[in-house]
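Please walk through this structure with the text beside it.

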Amino acid sequence: MTQSIIVQVGQCGNQVGCRFWDLALREHAHVNKKGIYDEALSNFFRNVDTRRSDGENSDITGGKIRSLKARAVLIDMEEGVVNEILQGPLRDVFDNTQLVTDVSGSGNNWAVGHRIYGPACQEQVVEKVRRAAEHCDSLQCFFLIHSMGGGTGSGLGSYVLRLLEDEFPEVYRIVTSVYPSAEDDVITSPYNSVLAMRELSERADCVLPVDNQSLVEIVNKIRYMSHQGKPGHVIKKDSTVISGQGGACGAEKPFDAMNNIVANLLLNLTSSARFDGSLNMDLNEIAMNLVPFPRLHYLVSSLTPLYTLADVSVPPRRLDQMFTDAFSRDHQLIRADPKHSLYLACALVVRGNVQVSDLRRNIERLKPSLPFVSWNQEGWKTSLCSVPPVGHTHSLLALANNTCVKPTFLELKDRFMKLYRKKAHLHHYLHVEGMEQGCFTEAISSLSSLIEEYSQLDATKRMLTPDVPRLTIAT
Amino acid sequence: MSVVTLNLGQCGNQVGQELLNVVSNDAFNAQKNCPGVQGKTYYACALDRFFREEQTGELAARAVLIDMEPKVINHAIATAAKSDMWKYGDGSYFCEKQGSGNNWAKGFCVHGPQHEEAVVELVRREVERCDRLAGILTMMSVAGGTGSGMGTYITQCLRDMYPHSFILNHLTWPYSTGEVIVQNYNSVLTLSHLYQLSDGMLVHENDTVHKICAQLMNIKHISFSDINKIIAHQLGSVLQPADVGGTQSDYSRNPVGDLMSSLACHAEYKLLSMSAIPHMSSSSLAYSSFTWPGLLKHLRQMLIANARMEEGIDWQVCVPPVRQGAERTREIKQLQFNTSLANLLILRGKDVSCADSGAFLHPGLYSSWLPPEAAFRTWSSLMPFNGYEKSATLISNSQSLLQPLNKMVGKAWNMFASRAYIHQYTRFGISEEDFLDSFTALEQVISSYTCL
């Protein structure tokens, strides 16, 4: 069994991470009734004996759960959010050896996070990550959670990504990035995002972009559905997808509902690594199957069912609806329309009571309406995990490597250029030592070339590409 | 003579376990249902092939299990121990904690060399425990990372270590739309490398076996375990003791060697496909009866019309008159006639001496350069196999795998033209040139089989 470590950076990263740990604990508690420390738990949690007096908690393998510690490193340059976590109900799953904090924050400035805090915290971060890694007997994957708009998440987050690459080149790096919406209150967010994206494009194995706007829309729609009150349209109260209720954290905070969605994305993504299933998908298979070209590793994700209805029985019609929904616009976690763009590859991560035959039937049914790139007409990767999310009978996470991410990047580029043309706010960045205007031009040209790569693929859509002439053998 | 089986990767370990299951069950039943000398010899011969007796009296499989993650191996060992009939040898497995992630290059260039010593040592130990080694049977899929990549590397090591022993590779080909997106790359790399190393490659395609499960066995929700059972049944029907000459008591002493000498007569042609008849669910088996002429008539038509299943055979296809040169090739294409290089027919069950396999000796079935008498062999055994009163299996070195191979290479080539996914391979040391070499090698194979 392999292990993963979550590295959560900045306010947003820590809030999302916090929701993840809460839901993960709940999920395991639901499945693991006997309180045994099993392989599923060992993926993200250590089991330690805290009563030992010699300081360093030693890991216990097997047996009863004593005290679970998250395999996580929490990084923030302000103390607020991390302190809140440490005083909250989740305080016991973290300890001081997992925290890297400072007091003054990065002031929404990528350069401060990346160029000042990065080198300053480097030693501390590496040491704490290494310590977490030493507790794993086969570390497979880092999950970095951060936002793109602010200073710490984007600046320090992308710096940490580089550290992980340098220190652990063999370990996969899957990044969950929360993109700012167009009406973002941080005026410099386009700068921060574009500067961070260059690092993501070069150094991550996979990036799961999520944008605030889509999360808001999804949450609003869930609220609307649950207040409609039609019979049969009642949202299940105990569903983990839509609320944190029943978890360790009691009262909901403003962003909780949105962060929940992102936490669910990670929960489903790692389900196959944590639980058994008839068709397992190892985390190292994600990049192998979904990333045909090194820089094109942005995967659009969608979760279904989101607007859960309180039906006990699951007619096949509803199961098929789950598959259909995964490809519709309003289930995507970024504003994108995969159906009208070009698929490079697609993975379906299914949980719960679903058979291989259901999977095959739905792929056959949906395939004709989904444009795939000519050389990967059968670009499907599937996995079946037998344990559904709490409160559901089944669920689906679709990961698409699709050119539909392009509009998000184009919009970001436009917003960047609007500021950059007027050199607005530039001096805040150039104050920082080692930060030159060249960093900006390099970052924007990295983004432009990424967009160009997607455009070139997009251009092949609906083109009848004949088979490439084969090698001929002289007989 | 004994066969050492080497199970690699998830698929190899699952199929391998099913095979030993079928073989041991069949041997025990033979002894039970046929108390005479005959049953005893069959039983002893079958067990000696795949198992050895440990000091405790327990039967241990002459098998080595290899995977890069522990799940499947643990499961296989536990299931075998529960069977009460046999177990895997103590410590005869090797596993790591992290899989190869569907990446052939990782298996071949990283995991293979890294664990070569340990794995080769396990095989050597098992080989030294055989009084006489018939050959090594490796089992793996071609689609994934560990089985295909590491399996290829280990086959290479074994070839160096045992240059004079037979190595038979059993390969499972993936569904055409499958669980792994890069499966065609992995398959191309595996097949092209193995072609240099193997004495023969016995192929099962998931697609055809899936159809057998659905249409003949009437299984509603087909699982991988159902598929593996069919593969194990077909393999078992070949590898269980059978008489290669004429007298019933003298069972073949080297199943792998005899198989190779019958079928793999030319270094250019190593792809062996299988079909068996009958296949049916145990519930309908009790109400069915078969005659040898009926079974053989179907099996022959399955061969010439290239059907891997007794249902939906195209009876229009017939053996073309024997002619020479280009004219013949064209006509064959129109008729969809499947030309063979060599065939091996294995008959098991009641009244086997009455079975007349003369129809398989028609010269039109074979290439122009090998006389039918040299190209066709029959093995037989009076013992019914795996619960079937009468059963027949045909292993064929023919054009039947041409179409799936051609499709596989075509899809991989299309992908390669855009250089998609290549970076995943180059980072572990498989270059574009390596790919090109592999494509060239397989185009050569395709061309050879097309001209048969």
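Predicted model: local features only at pLDDT ≥ 70, side-chain atom pairs only at ≥ 80, totals over all residues.

Residues are numbered from 1 along each chain as its sequence is written, chains are lettered from A and ligands numbered from 1 in the order in which they are written, and side-chain values use heavy atoms, with hydrogens and water left out.

Start with chain A. Its secondary structure comes to 15 helices and twelve strands. Helices (H or I, at least four residues) and strands (E, at least two) are DSSP runs, numbered from the N terminus. Of the 475 residues of chain A, 60% count as buried. Buried means under 20% relative accessible area, exposed means over 50%, and partly exposed lies in between (1.4 Å probe, protein chains only). Take the contacts in chain A between residues at least 6 apart in sequence: 82% join residues at least 24 apart. Contact means heavy atoms within 4.5 Å.

Now chain B. It has 16 helices and 13 strands. Of its 452 residues, 62% count as buried. Its C-alpha atoms fill a box of roughly 65 × 60 × 45 Å along the principal axes. How does the radius of gyration of chain B agree with that of a compact globule? A compact globule of 452 residues would have a value near 22 Å, and chain B has 21 Å, which agrees. The radius is taken over C-alpha atoms, and the globule rule is 2.2 Å times the number of residues to the power 0.38. Among contacts in chain B with a separation of 6 or more, 81% involve residues 24 or more positions apart. Chain B exposes about 16,700 Å², and carbon and sulfur atoms supply 50% of that. It carries 35 positive and 41 negative side chains, and the centres of the two sets lie 4 Å apart. Lys and Arg count as positive and Asp and Glu as negative; His and the chain ends are not counted. Each charge is placed at NZ of Lys, CZ of Arg, CG of Asp or CD of Glu.

Next, look at helix H3 of chain A, residues 80-87. Its buried residues are A:Val81, A:Val82 and A:Ile85. They sit on the same side of H3(A), because they cover an arc of only 100° around the axis. The arc is that of the directions from the helix axis to the C-beta atoms. The cover over these residues includes helix H1 (10-31), strand E4 (72-76) and strand E5 (99-101) of chain A.

Helix H6 of chain A, residues 189-203, holds A:Ser193. A:Ser193 is buried, at 0% relative accessibility. Beyond residues up to four places away in sequence, A:Ser193 touches A:Met148, A:Gly149, A:Pro180 and A:Leu412. A:Val194 is also in H6 of chain A. A:Val194 is buried at 0% too. Neighbours within four places aside, A:Val194 contacts A:Leu412, A:Phe416, A:Ala443, A:Ile444 and A:Leu447. A:Val194 and A:Ile444 are 250 residues apart along the chain, yet their C-alpha atoms are separated by 6.5 Å.

A strand gives another buried position. A:Leu397 lies in strand E12 (394-402) of chain A. Its relative accessibility is 0%, so A:Leu397 counts as buried. Outside four places in sequence, its contacts include A:Leu265, A:Ser302 and A:Leu348.

Finally, the backbone. Most residues other than glycine have a negative phi, and most peptide bonds are trans. The bond from A:Thr304 to A:Pro305 is cis, with omega near -10°. A:Pro305 is in the loop between strand E9 (300-304) and helix H11 (316-325) of chain A. B:Ile277 and B:Pro278 are also joined by a cis peptide bond, with omega about -5°. B:Pro278 is in the loop between strand E10 (271-277) and helix H10 (282-285) of chain B.

A:His425 has a positive phi, near 60°. A:His425 lies in the loop between helix H13 (406-421) and helix H14 (426-430) of chain A. Its relative accessible area is 27%, so A:His425 is partly exposed. B:Asp84 has a positive phi, near 65°. B:Asp84 is in the loop between helix H3 (70-82) and strand E5 (87-88) of chain B. At 73% relative accessibility, B:Asp84 counts as exposed.

Definitions and conventions
Areas by Shrake-Rupley, 256 points an atom, 1.4 Å probe, with all protein chains shown as cover.
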